[in-house]
Amino acid sequence: MADMLTHIEAFDCLPFDNSAATGDVLQEFMRSQSNSVFWFSADYNADDDSKLAEYDYRNNSWRAGRFVGEAIFNHNNTDYKISIKPRFGEQMLFRMLEEIFNIRITASASETSKSGDWQHYIKRIIAFIWLQKLANANLHGLPKTQIRKEHTGETIRGKLDVRKSIKPLHRNNTVISTYREKQIDQSIAQIVFQAYYILKADFEIGRINIPETAREAINQIHTAVKTKRLISQNEYKNIRYKDIYLSWKPLVDLSWDIIKRKQLSLKQNKGNKGFGFFIDMAEVWEQYLRSLLKKHLLPHGWRYKNEVQIAYRGYFWERQLIPDLVFQKGNEIAVWDAKYKRMMGRHFDVDRSDFFQIHTYIQYQLNHKWVKAGGLLYPISTSPDFDQFCSPYLINQDGIKMRFSIDGVVLHEQDENDNQKISETAFINRIINSIS
């Protein structure tokens, strides 16, 4: 089968090979895979750059988007396999996932990727993340709800139902009463149960070392689910979580996503369309930076803030302001936005909309707080003089005295050397200096 596929390959944010990738094939690829992007978080806001591929008019070539993954599909009776891999290498992706999910990925976990089946590798990553979310969710046991039950007998259990008890009392001296009993939330149990079996069948979750807390939850769910039944979209949306069970929401959202993608995959296969999974590297980058900064800034008294600000509240042009990374210490604040784009220190590397967006965020905070630092954070593909990447004031010398910078972690494209932690340390030191 593999020999019959036309393989089109690229790295994220870099051009496709023009000799292999034609415009009509890539346009069909984007259309058929429009629902194949996988996001870790249901709260993540995809933007206008969320494209699997687009035409680069500057260089007259097709360029991969910010996603990594693989898909197989048929176009004009020809089978194509399109692979998009991380431009900074697989070890970089492993390191980011380790930081985000506080896990340790062993060297053997990357062996699958070397076989050339990149889609299989992506699925293993998703299965690993699902297990990690399940282990984190099960701290207080499975979510339970109270259900109403009836009891018939000579004794009363709970509240007597006088109306229903009239006839049985006269006939056989029994009464009917109602009581409430806690049981595992069946909607949640069904969703997690069905996602687990999809992961087991298609994602080889059985080959992954399952944490003890996750294994315990899986066993309890098996006991709770007597028969498999379809959960509707309304049932999923109407799930309510008590505060103690809020940790289950990310897992249930991810499980629901896996179920819906499986259903879509079956429909596509019937129509001779393939199916794939793509991970948004922009989301990975944002969560990776957030994890790094939260861990290293907290000892210095800086706490992460996750608040949505409203600009022009009450007006018809009201807008939400949602910067990626906001940290506060007393009345001081720092604001950054994560951008997974190419940064080599060229003028056009800083997108115009990104530039004005971060300045809007900073200006809003200036109305309430003392802004110490802010800027845009990229994976940097060069070894810059960081003194030239920062300004001691906002906009011009008459502006607010704060540290505005273009910064990030220095990563070299397709560099398999384990230098990322060194670059992380240098990045954190620059950030700490900027807010000291």
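Which residues touch the most other members of the largest nonpolar core? In this predicted model, residues are numbered from 1 along each chain as its sequence is written, and local features need pLDDT of at least 70, with side-chain atom pairs counted only at pLDDT 80 or more. Totals for chains, interfaces and linings use all residues, while side-chain values use heavy atoms, leaving out hydrogens and water.

Back to that core: W130, W248, W285, L289, L293, L297 and W336 touch the most other members, out of 82 residues. Helix α3 (residues 118–137) supplies the largest share, 12 residues. A nonpolar core here is a set of buried Ala, Val, Leu, Ile, Met, Phe, Trp, Tyr and Cys residues joined through side-chain atoms within 4.5 Å, and buried means under 20% relative accessible area, with exposed over 50% and partly exposed in between (1.4 Å probe, protein chains only). Helices (H or I, at least four residues) and strands (E, at least two) are DSSP runs, numbered from the N terminus.

Take L289 as a way in. Leaving aside residues up to four places away in sequence, L289 touches L325, A338, L377, V409 and F427, where contact means heavy atoms within 4.5 Å. There's also a second, separate core of 20 residues, and V335, M343, V371 and L394 are among its members.

Now for the strands. Strand β14 (residues 325–329) is largely enclosed by the rest of the structure, because 4 of its 5 residues are buried. On one pairing, β14 runs antiparallel to β11 (residues 303–305) over 3 bridges, with Y304 bridged to F327 of β14. On another, 5 bridges join β14 to β15, again antiparallel, and V326 has V335 of β15 as its bridge partner. Strands count as paired if DSSP finds at least two bridges between them. The β14 and β15 hairpin has 2 residues between the strands, and G330 takes a positive phi near 60 degrees there.

Beyond residues up to four places away in sequence, K339 touches W285, D354, Q357, L376, L377, Y378 and P379.

Zooming out, the chain has 11 helices and 18 strands, and 50% of its 436 residues count as buried.
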